[in-house]
Amino acid sequence: MFSQSNKQPEAKSQPQASPPAPAPRKPSAEPSIISADLRVVGDLHCSGDLQVKGNVEGDIKSRSVSIGEGAHVQGSVMAETVHIAGSIKGQVEAPAVTVARSARVQGDIVHQTLAVEAGAFLDGNCRHLDNKAAAGGISPMKTAKPEEKKTATAS
Amino acid sequence: MFLNIGTVRDHLTARAGDSVWPDSASDTYTVIHSDLVITGDLRTDGHIEVNGRIEGTSNSRSILVREDGWIEGSILADIAEIRGTVVGAVRATTVIIGSNARVHGSIFHNSLTIEPGAQLEGRRPWRPQIDRKQETA
């Protein structure tokens, strides 16, 4: 009688649905921090601010991203503002990009305004956001085209 | 009166010889706020504080899942304090479950504290030791 409970304890609990995933929340006042000794293998999506000091192997989408000195990112970075002081292997796409002297960027930078400090290592193309589509850019977050398709379907 | 979490931590601190939660300004302190969703695995020898969402496994020295925190995946740690939602197995030497916690999965522990009110679904097997460095999360 009791031995049965040992056999399939997990299966028994399955019918009760697991809690539903919460809806994405508003940006928090403070930035999320990926600390120096943390290694993430996967993607990060953030509607607020993100500070990366550790290693990320995956894509980052955020409102603002700061890649700190000593941080390593392997993957694309998409945000509204990006500050790079660490190393990135992958494409960076943001309206505002600043590259510090300690940075090492291997990949393209798609930007509207770009600031590069003397001493930064840059290996890749720098393109303006407006020319992104023509140059075969990456998946769109905010398209540069001014066409307003959405107005027709607005309810 | 029910066991105060503060005393548990004090006890741990005395046993471990150093602070259980590292200083939030230290290099080993990761904060995942409510606006961040991580789809993938985390690994660190430091501390992770989760207010946001992780879809994947985490392996850390210590982890604190706050009320708003939500993890779908397994947790491996030396010390795990869970006050939010975890869908997946928890493996930690010391596990503290808060009163608002929801855990859907087994809790492998060497020492377990559960506050009244926690919603736990799954087994809670005791283990003589849990070595997070040898196990794969």
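Let me start with a network: D45(B), D78(B), R132(B) and K133(B) are linked by salt bridges, a salt bridge being a side-chain nitrogen of Lys or Arg within 4 Å of a carboxyl oxygen of Asp or Glu. Before going on, the conditions. This is a predicted model, in which local features need pLDDT of at least 70 and side-chain atom pairs count only at pLDDT 80 or more, while totals for chains, interfaces and linings use all residues. Residues are numbered from 1 along each chain as its sequence is written, chains are lettered from A in the order in which they are written, and side-chain values use heavy atoms, with hydrogens and water left out.

Over all chains, the structure holds 11 salt bridges. I will go through three of them, with accessibility classes: buried means under 20% relative accessible area, exposed over 50%, and partly exposed in between, with a 1.4 Å probe and protein chains only.

In chain B, E49(B) and R66(B) meet through their side chains at 2.8 Å, N to O. Strands here are DSSP runs of E, at least two residues, numbered from the N terminus. E49(B) is buried, at 8% relative accessible area, whereas R66(B) is partly exposed at 33%.

In chain A, R63(A) and D49(A) form a salt bridge at 3.0 Å, N to O. Because R63(A) sits in the loop between β5 (60–61) and β6 (64–67) of chain A, and D49(A) in strand β3 (residues 49–52) of chain A, the pair joins parts 14 residues apart in sequence. R63(A) has a relative accessible area of 32% and is partly exposed.

R101(A) is in the loop between β11 and β12 (104–106) of chain A, E117(A) in the loop between β13 and β14 (121–123) of chain A, and the two are 16 residues apart. R101(A) counts as exposed at 56%, and E117(A) as partly exposed at 39%.

Now the strands on either side of that last pair. Strand β11 (residues 92–99) of chain A runs parallel to strand β13 (residues 109–116) of chain A, with 7 bridges between them; two strands pair if DSSP finds at least two bridges. V99(A) has V116(A) as its bridge partner in β13(A). β13(A) also pairs in the parallel sense with strand β15 (residues 126–128) of chain A, over 3 bridges, and there H111(A) stands opposite H128(A).

What about the interface of chain B and chain A: how many salt bridges cross it? The rule finds 0. It does find 13 residue pairs in polar contact, both at pLDDT 80 or more, that is, N or O atoms within 3.5 Å, where one must be able to donate a hydrogen and the other to accept it, and residues adjacent in sequence count only if both atoms are side-chain atoms. β2(B) gives the most to the side of chain B that touches chain A, with 8 residues. Strand β2 (residues 39–46) of chain A and β2(B) run antiparallel, joined by 8 bridges, and D43(A) stands opposite T39(B).

Conventions
Helix = DSSP H or I, 4+ residues; strand = E, 2+ residues; numbered from the N terminus.
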